[in-house]
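Please keep the structure open while reading.

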Amino acid sequence: MIEVVNPATEEVLGTVRAGTAGDVDTAVTRAVTAFPAWSATSVAERLAVVRAVVAGLRARADELASTMTAEMGTPVTFARKVQVPNPVGIAEGIEAALAGGYFDGEEIGNSLVLREPVGVVAAITPWNFPLQQMVAKVVPALAAGNTVVLKPSELAPFTADLLASVLAGAGVPDGVFSLVHGTGPVVGEALAVHPMVDMVSFTGSTRAGRRVASLAADTVKRVALELGGKSANVVLDDADLARAVKIGVANAFMNNGQACSAWTRLLVPADRHDEALEAAVAAAAKYEPGDPALPATRLGPAVSAAQRDRVVGYIRRGVEEGAELALGGPDAPTSRGFHVAPTVFGQVRPDMTIAQEEIFGPVLSVLPYRDEDDAVRIANSTVYGLGGAVFSADPDRALAVARRLRTGQVDINGAAFNTSAPFGGYRQSGNGREFGTHGLAEFTELKSIQR
């Protein structure tokens, strides 16, 4: 059995069964058996299921939010405003695509081009946005006519159980969706190598993504990867600095700093570095670690003791490499729970470890730049390319800089997140896209019929 620990209290919430390779084989075999009938259902039938999933998620919103807060420490207010509404929006985007004739086919010359399901999809999801990442994979895969085996993170399994209940209530037949709890090295790897799995959709660390892709290569199955990030918030010299920094800190510290697309690098003009650092410290100091179950809490714990220790190790590395520790540090801010102090570094060089590697905690690095070209160079200087931001008083200038950033998403002047726009990264942030029609396309094959 696997114990599930509340990271705020360090108490055991419950257990789930540790799945085996045999459990994976059973689930995949059921998915193979269920595929012909499910893939033959009409778009109208699958649309009705997606609509029922949306309704089910809405009906259980409070339960889903409180469950995520308990098992992975996301502040409950953030859970209610983001961790549940985002997945609902993602499912609604798939609903709209189905209703809009996405599977009607396209005439190209004398060819009819059709989108058809890939087959059996293995979905492997993380703990930081558990519901969002499960919905972003499972719902479009089912909507496209695939059957799905889901392996959620063992750190946040109870949210997966709730989703499984919602799917059953929405009319998803036995075998079309299966849930197998367990660890990555056992269940995840068994799915990646299974010869009857046609596609693996994985979200997690870049290291784990490399492993999944390597294992899947022997059977030449399709692999979609949404991996790590080290996103830059580029504040241009004409921007409202105070506003850009405030929004930037909020993004960097959202979900306790545990977001792959968080803007963890704040790039500012060199002659305004000290001003920006002071503003960042003032904004970050308001993120006082606390009980994530309380509505007023803005910063909860790391998901586990191991994750806390990993983040603290990066903070120590930043100090050792000469960055200016302006707020926080490696010391534990509370006596109970896996908390990390909100931390801000100034005078960070682009080659420092804290500017290059994904930390996944409430740690912000402020980097000075000389001019616009230097800012773009620094922003593009990591192996990642997932998210980013540009702030400028001139929207056209901001757009021009955004176009130069080698990253999958860029927000201009704090623009809202869009759950129907494609989400995914460049380079070692992965490949493929999620959300909306682009996310639906990932789970389809193209067939050309000449006539």
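In this predicted model, helix 4 (residues 76-83) packs against helix 5 (residues 85-99). Their axes lie 5 Å apart, at an angle of about 10°. Angles under 35 degrees count as roughly parallel, so helix 4 is roughly parallel to helix 5.

**Helix 4 with helix 5**

- Helix 4 brings Ala-79, Arg-80, Lys-81, Val-82 and Gln-83 to the contact.
- Helix 5 answers with Pro-85, Asn-86 and Pro-87.
- Four residues of this contact are nonpolar, two are polar and two are charged.

**Cavities**

- How many cavities of 30 Å³ or more does a search of the whole structure find? The search finds four.
- The largest cavity holds about 100 Å³ of space.
- Its lining has 16 residues. Closest to the centre are Ala-232, Arg-265, Ala-379, Gly-387 and Thr-407.
- By class, the lining of the largest cavity splits into seven polar, five nonpolar and four charged residues.
- The second largest cavity has a volume of about 70 Å³.
- Lining the second largest cavity are 15 residues. Nearest its centre lie Ala-224, Asn-431, Gly-432, Arg-433 and Glu-434.
- Which strands each supply at least two residues of the lining of the second largest cavity? They are strand 8 (199-203) and strand 9 (222-226).
- Strand 9 gives the largest share of that lining, with three residues.
- The lining of the second largest cavity divides into five nonpolar, five polar and five charged residues.

**Aromatic pairs**

- The whole structure contains eight aromatic pairs, according to the search.
- One of the pairs joins Trp-263 and Phe-391. The ring centres are 6.2 Å apart, with 75° between the planes.
- Planes over 60 degrees apart count as edge-to-face, so the pair of Trp-263 and Phe-391 is edge-to-face.
- Where do the two partners sit? Trp-263 lies in the loop between helix 10 (241-253) and strand 11 (265-269), and Phe-391 lies in strand 15 (residues 388-391).
- The pair therefore ties together parts that are 128 residues apart in sequence.

Definitions and conventions
Residues numbered from 1 in each chain as written. Predicted model: local features only at pLDDT ≥ 70, side-chain atom pairs only at ≥ 80, totals over all residues. Heavy atoms only, no water. Axes fitted to C-alpha atoms, helices over the stretch in contact; angles between N-to-C directions. Helix = DSSP H or I, 4+ residues; strand = E, 2+ residues; numbered from the N terminus. Parallel < 35°, antiparallel > 145°, perpendicular 65-115°, else oblique. Contact = heavy atoms within 4.5 Å. Nonpolar A, V, L, I, M, F, W, Y, C, P; charged D, E, K, R; others polar. 1 Å grid on protein atoms, 1.4 Å probe; cavity = no way out; pocket = protein on both sides within 12 Å on 5 of 7 lines; lining within 4 Å. Points joined across faces, edges and corners; volume = space filled by probe spheres on them. Phe/Tyr/Trp six-rings, centres within 6.5 Å; stacked < 30°, edge-to-face > 60°.
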